[in-house]
Amino acid sequence: MKSTKVRNFIKVVVFMMIMLFVGQRLYQVLLWKNSSDNNLYNVKHFYDTPKEKIDVLFLGSSHCFCTVNNALLWEKYGMASQNFATGRQNLGNTYYFLKEALKTQKPEVVCVEGVFSSYTGYGNGDVYRNTLGLKLSTNYVENAKYSLKLAGKKSGLRLVDIVAKWPVIHSRYAELTKADFVDPYPNSRGFRAHWTNQPTYVAPKAANTESLGTLSKENTKYIDKIIALSKVKKFQVVFFIAPFCVTEGDEKQFNALGDYLAKKHIPYIDFNKKYDELQFVFSKDMLETGHVNAYGAEKVTTYLGEMLHNHYAIPNRRGENGYELWNQDLQDWKNESRVNYHYES
């Protein structure tokens with residue numbers, strides 16, 4: 001009798017373990033990925049990174065993961081860097097992503113891409129890509145609350161559904177693609193290369209604007225939180241704006257961001273002020289109005305790499321054990337470049 005109970009108990013435990021495994025796998029398939037632009041795969045790749053390996057952490061929106069080529073930073077300087085960026089990641093999201101990253105990583109430098117000090121608008125997809133991939137925790141809930149606040153009541157989203165996750169993703173069966181089953185960028189440290197350009201684009205005159213806009217109280221609140229966290233966790237902070245087709249309103253906001261950061265003694269680079277220095281050619285280096293392509297990313301990344309190498313004590317990790325992911329990323333990048341590179345100066 002006793003042995004029968006034991007066997008039944010074992011069967012129940014095994015069944016529950018199988019169901020748990022199936023449920024986890026099904027969740028990973030159904031998870032809303034927006035996979036054509038990395039997004040939640042970027043979050044997955046961050047969690048896949050071994051503890052305390054990232055020396056330079058990049059945070060921000062698609063302007064970040066389309067701009068910073070981690071493979072190039074590794075190839076030239078041996079910098080173990082990571083893009084923990086997601087589409088339309090606002091400064092508040094960046095703060096919560098940073099808190100998440102610091103649970104497992106101890107970066108020397110954190111580079112924050114700040115385009116959303118100017119941009120507005122936040123839809124349901126923006127909530128999903130900036131919440132669902134993170135692990136459940138108090139930080140997850142606070143980030144979800146912030147994201148839902150940005151989306152507003154018109155989104156129809158509920159905190160309980162974002163926290164539970166399944167109510168958001170359970171109906172995705174008809175949307176599934178190959179990318180839901182197979183990670184298209186398995187070794188990526190977060191960069192997403194695009195190889196097309198727009199031959200009609202020219203450098204925007206608005207980039208010459210020197211007038212100051214006004215930062216919102218919400219933005220300054222989270223900038224201050226990021227700076228305060230850097231002092232507690234002992235890392236350096238750099239803010240930057242990637243090149244794109246800025247309007248005069250954008251550039252006024254970025255000028256205000258730079259002015260605010262200068263008063264806080266925080267380094268800031270607006271690459272829209274550096275077109276000539278970068279030899280940035282809009283007709284060849286832009287994917288579309290908002291994002292650089294792989295060629296533009298190479299120019300910005302080279303500048304960032306030089307700056308980081310010259311001003312911060314970032315270790316050269318090439319040849320060290322435990323950094324195989326960066327070697328794999330570089331090899332993948334070389335393979336991709338070999339097929340796609342066609343830039344003409």
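# Salt bridges, a helix and a pocket

Me: Which residue does Lys 103 form a salt bridge with?
Reply: Lys 103 pairs with Glu 100 in a salt bridge, and their closest N and O atoms are 2.9 Å apart. A salt bridge here is a side-chain nitrogen of Lys or Arg within 4 Å of a carboxyl oxygen of Asp or Glu.

Me: What kind of model is this, and how are residues numbered?
Reply: The model is predicted: local features need pLDDT of at least 70, side-chain atom pairs count only at pLDDT 80 or more, and totals for chains, interfaces and linings use all residues. Residues are numbered from 1 along each chain as its sequence is written, and side-chain values use heavy atoms, with hydrogens and water left out.

Me: Back to that pair. Is Glu 100 buried or exposed?
Reply: Glu 100 is buried, at 4% relative accessibility. Lys 103 is partly exposed, at 48% relative accessible area. Buried means under 20% relative accessible area, exposed over 50%, and partly exposed in between, with a 1.4 Å probe and protein chains only.

Me: How many salt bridges are there by this rule?
Reply: The count comes to 18 salt bridges.

Me: Which residues are linked in a network of salt bridges?
Reply: Asp 55, Arg 317 and Glu 320 are linked that way.

Me: What about helix H12, where do Glu 248 and Lys 252 lie?
Reply: Both lie in H12, four residues apart, which is about one turn of the helix. Glu 248 is partly exposed at 45%, and Lys 252 is partly exposed at 28%. Helices (H or I, at least four residues) and strands (E, at least two) are DSSP runs, numbered from the N terminus.

Me: How far apart in helix H12 are Lys 263 and Asp 259?
Reply: Lys 263 and Asp 259 are four residues apart in H12, so about one helical turn separates them. Their salt bridge is 3.3 Å, N to O. Lys 263 is exposed, with a relative accessible area of 61%, while Asp 259 is partly exposed at 30%.

Me: New topic. Where is Asn 219 found?
Reply: Asn 219 is in helix H11, residues 217-233. The residue is buried, with a relative accessible area of 8%.

Me: What does Asn 219 touch?
Reply: Leaving out residues up to four places away in sequence, Asn 219 touches Leu 91, Phe 116 and Ser 117. Contact means heavy atoms within 4.5 Å.

Me: Which other residues in H11 are buried?
Reply: Among them are Tyr 222, Ile 223, Ile 226 and Leu 229. The cover over the buried residues of H11 includes helix H5 (91-101), strand S3 (109-113) and helix H12 (248-263).

Me: What follows H11?
Reply: Lys 234 does, and its phi is positive, near 65°.

Me: Last one. How much space lies in the second largest pocket?
Reply: About 230 Å³. Of its 15 lining residues, the closest to the centre are Tyr 185, Ser 188, Phe 191, Asp 329 and Glu 336. On a 1 Å grid over the protein atoms alone, a pocket is an open set of points where a 1.4 Å probe fits, with protein on both sides within 12 Å along at least five of seven lines; lining residues have an atom within 4 Å of a point. Grid points are joined across faces, edges and corners, and the volume is the space filled by probe spheres set on the points.

Me: Which helix gives the largest share of that lining?
Reply: H16 does, with four residues.
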